Amino acid sequence: MKVVLFCGGYGMRMRSGAADDVPKPMAMVGPRPLIWHVMRYYAHFGHTEFILCLGYGAHHIKDFFLNYEETTSNDFVLRGGQTELLSTDIADWTITFAGTGIESPIGERLRRVRHHLDGDEMFLANYADVLTDAPLPEMIENFARRDAGASMMVVPPQSSFHCVDLGEDGLVGGITAVSELPLWENGGYFVLRQEVFDHIPENGDLVADGCAQLAKQGRLVAHQHRGFWKPTDTVKERAALDAAYARGDRPWAVWERDRAGVRA
């Protein structure tokens, strides 16, 4: 199944300065950028055809893959000055690099790569900046059985803030952590059918337009995930993932769990 990755936004909250033009999916977590971790997740489950919706800082993403060094994250033997890889990351990947505009919203980026999907009934989509250990095969199988146009992974609220219940007299009736409220957030992992294009207007948005219209028609499915899920909207969040990687705490790396003999 093809995987569409939206990686053309500015990522302003991840910027370290005015001269920093690296797109958010290229922020590093361990020895590889975020987009690699997301792609490695999909490849682990057999989905190795990627369509990258490029925009801001596209040359950084192109250069990374055009000059990809397998020895950075794979074991190898150096014999007689020649490198013999013991494993590879991207040798069996097919990656389409598609310019989708600098200012384009997500829905428009998706519209501009529709022809690269070859008319496939179902495909996957992702923001390329969120890591998870969600069971992708289960997500796909559940959606395939449903008569729906889209499936959105949803997660519990991640905010550490508290909501306050106020009475008319200004007295506080209760305090509840946002994470404990019966609410769900968009987790950024989608399984889509071609039908979604019927609901995304020119310069529209995937969620606010496409998914919202499908929801009104009762054709949007939610896949609830309470396991590991971490966004990287800020430098702090990216740094926390990088630190977790360094200490070996990386539950999103399902490919490592399988390699260690643990069922992913």
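Which residue of β4 does K2 stand opposite? Keep that in mind while I walk you through this one. Quick caveat: what you see above is a predicted model.

So, the answer: K2 stands opposite E49 in β4. Let's look at the strand around K2. Strand β1 covers residues 2-7, and six of its six residues are buried. K2, V4 and F6 point one way, while V3, L5 and C7 point the other way. Both sets are buried.

Now the neighbours. β1 pairs with strand β4, residues 49-54, in the parallel sense, and there are six bridges between them. β1 is also joined to strand β8, residues 122-126, by three bridges, and that pair runs parallel too.

K2 comes out at 10% relative accessibility, and the cut-off for buried is under 20%, so K2 counts as buried. Its side chain meets that of D120 in a salt bridge, 2.8 Å from N to O. D120 sits in the loop between α3 and β8 and K2 sits in β1, so this contact ties together parts that are 118 residues apart in sequence. D120 itself is partly exposed, at 25% relative accessibility.

In helix α3, R112 and E108 are four residues apart, about one turn. Their closest N and O atoms are 2.9 Å apart. R112 is partly exposed at 37% relative accessible area, whereas E108 is buried at 5%.

The other one is in helix α6, residues 235-246, where R238 and D242 are likewise four residues apart, about one turn of the helix. Here the closest N and O atoms are 3.5 Å apart. D242 is partly exposed, with a relative accessible area of 27%. As for K2, salt bridges with shared partners link K2, E49, D118 and D120 into one network.

Last stop, the surface. V164, L166, V172 and I175 make up a nonpolar patch there, with about 400 Å² of accessible area together. Strands β11, 162-166, and β12, 172-177, each supply at least two residues of the patch. L166 belongs to β11. L166 has a relative accessible area of 56%, and the cut-off for exposed is over 50%, so L166 counts as exposed.

That's my tour. Over to you.

Conventions: Residues are numbered from 1 along each chain as its sequence is written. This is a predicted model: local features need pLDDT of at least 70, side-chain atom pairs count only at pLDDT 80 or more; totals for chains, interfaces and linings use all residues. Side-chain values use heavy atoms; hydrogens and water are left out. Patches are made of residues with over 30% relative accessible area and no salt bridge: like charges are joined within 9 Å, nonpolar side chains (Val, Leu, Ile, Met, Phe, Trp, Tyr) within 5 Å. Accessible areas come from the Shrake-Rupley method with a 1.4 Å probe; for residues, only the protein chains shown count as cover. A salt bridge is a side-chain nitrogen of Lys or Arg within 4 Å of a carboxyl oxygen of Asp or Glu. Buried means under 20% relative accessible area, exposed over 50%, partly exposed in between (1.4 Å probe, protein chains only). Two strands pair if DSSP finds at least two bridges between them.
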